[in-house]
Amino acid sequence: MDTKTKIKETIGFIGGGNMAKAICEGIVRKGLMDYSQLYVSAPHIEHLQEWNNLGAHITTENGMVVTESDVIFLAVKPHVLPEAVANVYETLRKPVKGKLFVSILAGVTLEALENCLATLEGSRVIRVMPNTPMMVGEGCTVFCPGQRASDADIALVKALLETSGVCQQVPESLINAVGAVAGSGPAFVYLIIEALSDGGVKMGIPRAMATHFAAQTVLGAAKMVLESGKHTGTLKDEVCSPGGTTITGIHALEKGGVSPYIKNLNVWKELGAHITTDNSEVAHQSDVVFLAVKPHILNGVLDKLIHDAKTKPIVNKLFVSILAGITLKELEEKILGFEGSRVIRVMPNTPMLVGEGCTVYCPGQNVTEEDLNLIETILEVTGMCQLIPEKMINAVGAIASSGPAFVYLFIEALSDGGVRMGLHRDMSTKIAAQTVMGAAKMVMETNRHMGTLKDEVCSAGGTTIAGIHALENGGVRGAVMNAVQAAAKRAEELAK
Ligand SMILES: NC(=O)c1ccc[n+]([C@@H]2O[C@H](COP(=O)([O-])OP(=O)(O)OC[C@H]3O[C@@H](n4cnc5c(N)ncnc54)[C@H](OP(=O)(O)O)[C@@H]3O)[C@@H](O)[C@H]2O)c1
């Protein structure tokens, strides 16, 4: 369906709380309907003022919503359903038939829904499992149609829900498993983001900055899983260099393996770059020289450049080091020997590959405004980029550079949980990654505390709080903080 074309149907919501708002926001934002096509009911009219201000019709009579709407979302808490439906029958304005009901109630089966709506002639039902990141357009929704739902009903509901993220049909037998990954998953992810941020704060990063880096890193890592098509284990291995900071952090999370990633120069040639095995030639031909070797071979590389420069001087270059653990002081000891040269230290991360990087940089002596503008221009095309004091770089690296590996491990574990509950691996990984990305975007775009966002997903005595309890019993918060601390400490050790 063309998302620019407005639907002709009127839409109703019985229950106008958090999920109702999340669903409507996307539909209106994408231009599929106006708030004037919307009828919303709830017992407390004062709670519906926000809807009224947006232009929706509000009422305390559920029957009015059913009378006036073609598609009615049931968006009350599950235990309230009998009371809400009783109110429909009491307050119907006229006999109705052929209405499409869309239930978002966790745990209420199609059979139960069809039974409770049986008196309304010709009703069709679709059961949906949405999640809160729909609010920021990164939802992960699944649905299953009831016996009488038509292809047109399915197409309409899918079009409405796809305005807020991905939406897929699944058999009803899988809906609880998906709910555990996608519905409850955001709360688990907020806990991980909070723990990553806590680890950063423990290592000296101010809270707001630590949370920003943690959320961007989680978002970037999830996007890597969704867009690269690679296994989470492969992506994790790519971030772990032997004996490095990330594998030390992974070790703190669990005992894990590492496989180095070797890139062939021919890949660069195929992309049109000039390639050479002579580092001095690179230094002479370039204005900006990125130092992108492993830290333990840097001295050999620089000593050879210094040696070669005696016959052909290297002059006026901007060196950009991405080496973990090598300080500006160490770099400048050698590089400032090249006349007019400057050094900037950068801490990038792999989600740059999908445009969601989280990069920080610290300028050395003599670096000019022009150098800084240039480096920001280069790095910003790959995601966010921020100047920080050098003393914070190991702690930031532990979140932003090592963090993606921790996040891959978490996505893999979330996906394992889904598979354990009967989801196919591909679907489970997709749902897990989309959920992680959506939750990270919620943290970044709503500016609300992760704890608040978590609480919003946890209803009293519900499914999500049961999952959160299991996570906390497993000591996940402490494990993530340990991972950040271990990676930052390893960077300090490597620098010695
Ligand atoms: N939150 C999630 O992440 C999530 C994910 C998947 C599925 N769900 C499902 O979404 C549903 C709604 O959750 P929510 O988080 O949006 O809850 P919520 O914010 O508490 O909203 C519930 C809404 O229902 C209204 N309500 C209460 N009794 C009613 C009645 N008898 N008739 C009509 N409306 C009534 C409430 O109105 P008052 O304010 O006037 O009391 C409120 O507007 C739940 O069934 C949940 O299982 C939620």
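**Note on the sheet and its crossovers**

1. Strand 5, helix 5 (residues 110-116) and strand 6 form a right-handed β-α-β unit. Right-handed here means that, with the strands pointing away from the viewer, the path from the first strand over the helix to the second runs clockwise. Helices (H or I, at least four residues) and strands (E, at least two) are DSSP runs, numbered from the N terminus.

2. The model is predicted: local features need pLDDT of at least 70, side-chain atom pairs count only at pLDDT 80 or more, and totals for chains, interfaces and linings use all residues. Residue numbers start from 1 along each chain as its sequence is written.

3. Eight strands make an open sheet in the order 3-2-1-4-5-6-7-8, with mixed pairing. Its edge strands, each pairing on one side only, are strand 3 (57-59) and strand 8 (165-169). Pairing requires at least two bridges found by DSSP between two strands.

4. Strand 5 (residues 100-103) points Leu-100 and Val-102 one way and Phe-101 and Ser-103 the other, and all are buried (20 or more other C-beta atoms within 10 Å of the residue's own, C-beta atoms being placed from the backbone). In a regular strand, side chains alternate between the two faces of the sheet.

5. Strand 4 (residues 71-74) runs parallel to strand 5, joined by four bridges, and Leu-74 stands opposite Ser-103. The chain passes from strand 4 through helix 4 (residues 81-91) to strand 5 in a right-handed β-α-β crossover. Strand 5 is also parallel to strand 6, again with four bridges; Leu-100 stands opposite Arg-124 there.

6. Strand 6 (residues 124-129) and strand 7 (residues 139-145) are antiparallel, with four bridges. Met-129 is opposite Val-142 in strand 7.

Conventions
Buried ≥ 20, exposed ≤ 12 C-beta atoms within 10 Å, placed from the backbone.
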